[in-house]
Every structure is written in C-alpha cells, then in structure tokens.
Amino acid sequence: MQRLYWDAININGQKVFYTVTDAGLNFVSSPEHGVSQVLRFYPQAFEYVHDHQQTDHYRKALKRYLKGKSDHFGFTLDYFVNGTPQEEEVWQLVRAIPYGKTLTLAEIADQLRLEPQVVQAALQNCPMWLVIPLHRVVERGDDRGYRTDASMRIYLRNLEQSPKSELRELL
C-alpha cells in the first residue's frame, strides 16, 4: 500500500491540507475541506501518515511563498493523478504563468486551442491548486474560482502583487 504523508498550513485563516509521497508533493486540499478531499482525486487506498520529518521541507517552502519571501516553491511534484492530455497541458501552462501575473480562461483556451469548457474542467480537476497557481487564472468580469473561494484567490493575487517590504507576517 502506498504511503501518503500529510500535514496542514493556515492560509489567511483557512486550514489547507497537503500530502506528499517519497517523490514529492502530490495534493493540496481546497481550504477547509480536510485531508479526506484527497479521496476525490486518489480513490485508491493509501496509508496516511502524519510525519513532520517527511513534510517539513514542503511546509517551509509553502510558508516562504505565503510570507512573500519566495516566488517559487523549490520542491518536486509527484503527478500521479492521471489527467487527460488536455488537463496536463492546461496545468503546465498555468504553472508557467509568472508570479504576480494573470491570464484569462479565454487566453489559456486560445493558446492551447482548446474549448473554454475543457480548460475550466482541467482547472477544477487540478490536484495541487496552490502550487499550480489556479488563482492566476481569471475570467473577464468574474472572479469564479477553481477549487477556492473568491476571497482566497484575491488574497493570493494581492500577496503576489504587493511589494515584499509591505507584506505583514502571515503565518
């Protein structure tokens, strides 16, 4: 049975769980949904272990990002969600959106030559919403989200667009 190590962080007052394997980070829960949300993405059986020794590196990298001290995470991802080729294409493009910038869903669809509904479904099926920065995808005139609520997306975009010297201690 595969082992998943889990831990949690607080982001803007909301608890977010994450899981890692020996190969890297593989899941970030939606705020306040708990580690059980992993079952939606990974229905197979796992042994869940709460082990700070295995998760501490990820926790520190996530905190550096959330404190505005880093614009990248510096850890590996373990993509063992088998997304469709289109989903994986969308996730790669979203991951490449520069820190502090945004793209619209329509721009992503145009760049990848996909229907907007395909892009939207890929965003909803993304297992690592924070590390694959879904908050950098916006819709014209709408702040509809992908796995988070509007306040979390706005919070993260503001974090990325604020000068580092103005950031308060978040965690």
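## A tour of the sheet and the helices

The model on screen is a predicted one.

In general, the strands of a sheet pair through backbone hydrogen bonds, in either the parallel or the antiparallel sense.

**S1 beside S4**

Select strand S1, residues 2-11, and keep S4 in view. S1 and S4 pair in the parallel sense, over 4 bridges. Which residue of S4 is the bridge partner of Arg 3? Glu 47 is that partner.

**S2 beside S3**

In which sense do S2 and S3 pair, parallel or antiparallel? S2 and S3 pair in the antiparallel sense, over 3 bridges. Show Tyr 18, and opposite this residue Val 28 in S3 will be found. Then follow the chain through the hairpin of S2 and S3, which has 4 residues between the strands. In this hairpin, Gly 24 takes a positive phi near 150°.

**An aromatic pair between S1 and S2**

Now display the aromatic side chains. The count of aromatic pairs comes to 6. One of them is formed by Trp 6 and Phe 17: the ring centres are 5.8 Å apart and the planes stand at 50°, so the pair is tilted. Trp 6 lies in strand S1 and Phe 17 in strand S2, so the pair ties together parts that are 11 residues apart in sequence.

**H3 against H4**

To see the contact, show Glu 89, Val 90, Leu 93 and Val 94 in H3, which meet Ile 108, Gln 111 and Leu 112 in H4. By class, this contact of H3 with H4 has 5 nonpolar, 1 polar and 1 charged residues.

**H4 against H5**

H4 and H5 pack at an angle of about 110°, and their axes are 9 Å apart. How do H4 and H5 stand to each other? The two helices are therefore roughly perpendicular, and the crossing of H4 and H5 is right-handed. On the H4 side, show Leu 105, Ile 108 and Ala 109; on the H5 side, show Pro 116, Val 119, Gln 120 and Leu 123, which complete the contact. The residues of the contact of H4 with H5 divide into 6 nonpolar, 1 polar and no charged.

To finish, centre the view on Ile 108 of H4: this residue meets H3 and takes part in the contact with H5.

Notes:
Residues are numbered from 1 along each chain as its sequence is written. This is a predicted model: local features need pLDDT of at least 70, side-chain atom pairs count only at pLDDT 80 or more; totals for chains, interfaces and linings use all residues. Side-chain values use heavy atoms; hydrogens and water are left out. Two strands pair if DSSP finds at least two bridges between them. Contact means heavy atoms within 4.5 Å. Ala, Val, Leu, Ile, Met, Phe, Trp, Tyr, Cys and Pro count as nonpolar, Asp, Glu, Lys and Arg as charged, and the others, Gly among them, as polar. Rings of Phe, Tyr and Trp (its six-membered ring) pair if their centres lie within 6.5 Å; planes under 30 degrees apart count as stacked, over 60 as edge-to-face and the rest as tilted. Axes are lines fitted to C-alpha atoms, for helices over the stretch in contact, and angles run from 0 to 180 degrees between N-to-C directions. Angles under 35 degrees count as roughly parallel, over 145 as roughly antiparallel, 65 to 115 as roughly perpendicular and the rest as oblique. A crossing is left-handed if the near helix is turned anticlockwise from the far one by less than a right angle, and right-handed if clockwise.
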